[in-house]
Amino acid sequence: MTDQREIALVDLLDRLLAGGVVLAGDITLRIADIDLVRVDLKALISAVGENVPSPWRQVNP
Amino acid sequence: MNDENLWYVYAVVRSPGPAGPPAGGTLGEGLATVDHRGLTALAEKVPATDFDEAPLRERLEDLDWLARVARAHHGVVAEAGRHTTVVPLRLATVCRGEQGVRRLLEEGEDRLLEALDRLAGAREWGVKLYVDEAAAPPAAEPAGGDRPDRAGSGRDYLRRRLGQQRARQDADDAAARTARHLHEALARAAADTVLHPPQQARLSGVPGRNVLNAAYLVPEEGEQRFRDALPPPDDLHTGLRVEVTGPWVPYSFTRTGPEEGTGP
């Protein structure tokens, strides 16, 4: 399979967050129970933060 | 023996599973196998400080942590997929105790066996279509549009704006048409298809607007036919770009049950 270092995280997350068989059993928690919107939002903020300095970071050194 | 250990379950294969110790797994104490009635789970004992319900919920919103788990998950699944048919589990599937993993295999037996049969000998390919906005055909300027602005000519301004809007609409229509034709051609060469939501440029860091983000389940003997259905870059309109990823373990096609059958 593809060398994972070449794989973009966003392509991987497309598959890992939407794919994979979801089973019951003795699961404590699965990603489906997590608020994915918040995960996406967090990822987006972080991706943007790499290039754009966040204003509130500057007031909190 | 402490049965309260948490086990992260990566994937399920048909027993006897991999020969020798399975490779990969960096989330806990090392990858192990748990067998139950002809199915083998690739699993790993993981620390409760990260993977018990409350900390896991919190950690999953930390992109760096999520990325590390995603890469580890993929590492195990992809390595197993090199040797055998593998059914990946949803990211962060955590069971209580080895007994919990066995119960998971038992309760999921029918669906796991169905997926193992359906996915045997097939791999997933990702195909994305991008529109490069900057390279889209320039707005059709009305006659005289290249002359310097004449102050006060509201009509010229409106005409120019309408022309720009129309050109943009045409470019959008052309991209949507190309996406549809591309998807139809590829779907004919695939056993199944899934449309993922288009990726946001800010998240992917890839230039252009993503208008198609599709996954195709392709039997290995049909891969040449699938590749032949991909358009050569020169055949695409200016400003359109196709990106292919894979082959992947068929992550996008593990869904079983009534919602199955997204294919053509």
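## Strand E8 of chain B

In this predicted model, strand E8 of chain B spans residues 209–219 and is mostly covered. Of its 11 residues, eight are buried.

## Pairing partners of E8(B)

Strand E6 of chain B, residues 122–131, pairs with E8(B) in the antiparallel sense. The pairing runs over 10 bridges. Within it, B:Leu129 has B:Leu212 of E8(B) as its bridge partner.

E8(B) also pairs with strand E7 of chain B, residues 192–195. This pairing is antiparallel too and comprises four bridges. Here B:Val194 is bridged to B:Ala215 of E8(B).

## Chain B as a whole

Chain B contains eight helices and nine strands. It has 264 residues, of which 36% count as buried.

Among the contacts in chain B with a separation of 6 or more, 77% are between residues 24 or more positions apart. The pairing of E6(B), residues 122–131, with E8(B) joins two segments of the chain.

## Confidence

The mean pLDDT of chain B is 86, with 88% of its residues at 70 or more. Residues 258–264 of chain B fall below 50 in pLDDT. Beyond near neighbours in sequence, this stretch makes 11 contacts in the model. Where pLDDT is low, predicted coordinates should not be read in detail.

For the model, the scores are ipTM 0.81 and pTM 0.80.

How values were computed:
Residues numbered from 1 in each chain as written. Chains lettered and ligands numbered in written order. Predicted model: local features only at pLDDT ≥ 70, side-chain atom pairs only at ≥ 80, totals over all residues. pLDDT = per-residue confidence, 0-100. Contact = placed C-beta atoms within 7 Å. Buried ≥ 20, exposed ≤ 12 C-beta atoms within 10 Å, placed from the backbone. Pairing = 2+ DSSP bridges.
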